[in-house]
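Me: I would like to learn how to read a protein model, one feature at a time. Please give the general idea before each case.

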Amino acid sequence: MMMAFNLWLVFLVAAMGLAVVPGPNSLLALSHGARYGHRRTLFTICGGVFGFLILIAIAMFGLGAVLAAQPDAMTALQWVGAAYLVWLGFKLWHAPALELTELAESQLYSPVTLFRQGFFAALSNPKVLLFFTAFLAQFIDPTVALLPQFIVIAVTFVCVEFLAEYAIACVAHSIRPKLMKNGQGFNQCCGVLFIVLGISMTLA
């Protein structure tokens, strides 16, 4: 038995609720969706969900508890994650305004770069490890093998997160004409939000 169906339904609803809460990856999907289109943003989204998959694995197999017991390691990871978010914010702040015309290939980030940005955005907040550890504990049956439960939980969460971020990217791309009127302001707003997220991590 991998996971009781009624328990899985509860987890599915909880995962859907978590997916709609604004965070670094949903913000990145919004920004990339508007700038590059929903198809290219798939690379960003795949990088993000791969990062979440790693965090879920780490949390379920115990490193979340290790980090909680080692404040110095937690603090170091927190500063690294905060610095990355602030760096992303500055890059978005200085990004050129959106254009309706298709961007030249030389102006586009490569799929690897987009994947990497999504991946590191997911890993940028080490507190997610502690959150996943506490959250997932509610759905784990200690009397059942952990690996099958991990597969069900991980696949469910990353699928929900993928669909939510892709929907955000599609909506952002569909309103590009409106964003064009104040494209620089859109980039700057997204940049400020990333910087605020990074700074808030250091103050929390």
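Me: Is isoleucine 151 buried, partly exposed or exposed, and why?

Reply: Buried means under 20% relative accessible area, exposed means over 50%, and partly exposed lies in between (1.4 Å probe, protein chains only). Isoleucine 151 has 42% relative accessibility, so it counts as partly exposed. This is a predicted model, in which local features need pLDDT of at least 70 and side-chain atom pairs count only at pLDDT 80 or more, while totals for chains, interfaces and linings use all residues. Residues are numbered from 1 along each chain as its sequence is written, and side-chain values use heavy atoms, with hydrogens and water left out.

Me: Where is isoleucine 151 found?

Reply: Helices are DSSP runs (H or I, at least four residues), numbered from the N terminus. Isoleucine 151 is in helix H8, residues 146-174.

Me: How does one check the span of a helix, for example H1?

Reply: The expected span is 1.5 Å times one less than the number of residues. Helix H1 (residues 5-19) has 15 residues and should span 21 Å; its end C-alpha atoms are 21 Å apart, which agrees.

Me: Which residues of H1 are buried, and where do they lie around the axis?

Reply: An α-helix has 3.6 residues a turn, so residues three or four places apart point the same way. In H1, the buried residues are Phe11, Leu12, Ala15 and Ala19. They cover an arc of only 110° around the axis (taken from the directions from the helix axis to the C-beta atoms), which puts them on the same side of H1. Asn6 and Val13, on the other side of H1, are exposed.

Me: What does threonine 44 touch?

Reply: Contact means heavy atoms within 4.5 Å. Threonine 44 lies in helix H3 and, at 2% relative accessibility, counts as buried. Leaving aside neighbours within four places in sequence, threonine 44 is in contact with Leu28, His32, Leu114, Phe115 and Gly118.

Me: And what does leucine 53 touch?

Reply: Leucine 53 is also in helix H3, which runs over residues 38-60. Its relative accessible area is 30%, so leucine 53 is partly exposed. Not counting residues up to four places away in sequence, leucine 53 touches Phe150, Ala154 and Val158. The C-alpha atoms of leucine 53 and isoleucine 153 are 9.7 Å apart, although 100 residues separate them along the chain.

Methods. Helix = DSSP H or I, 4+ residues; strand = E, 2+ residues; numbered from the N terminus.
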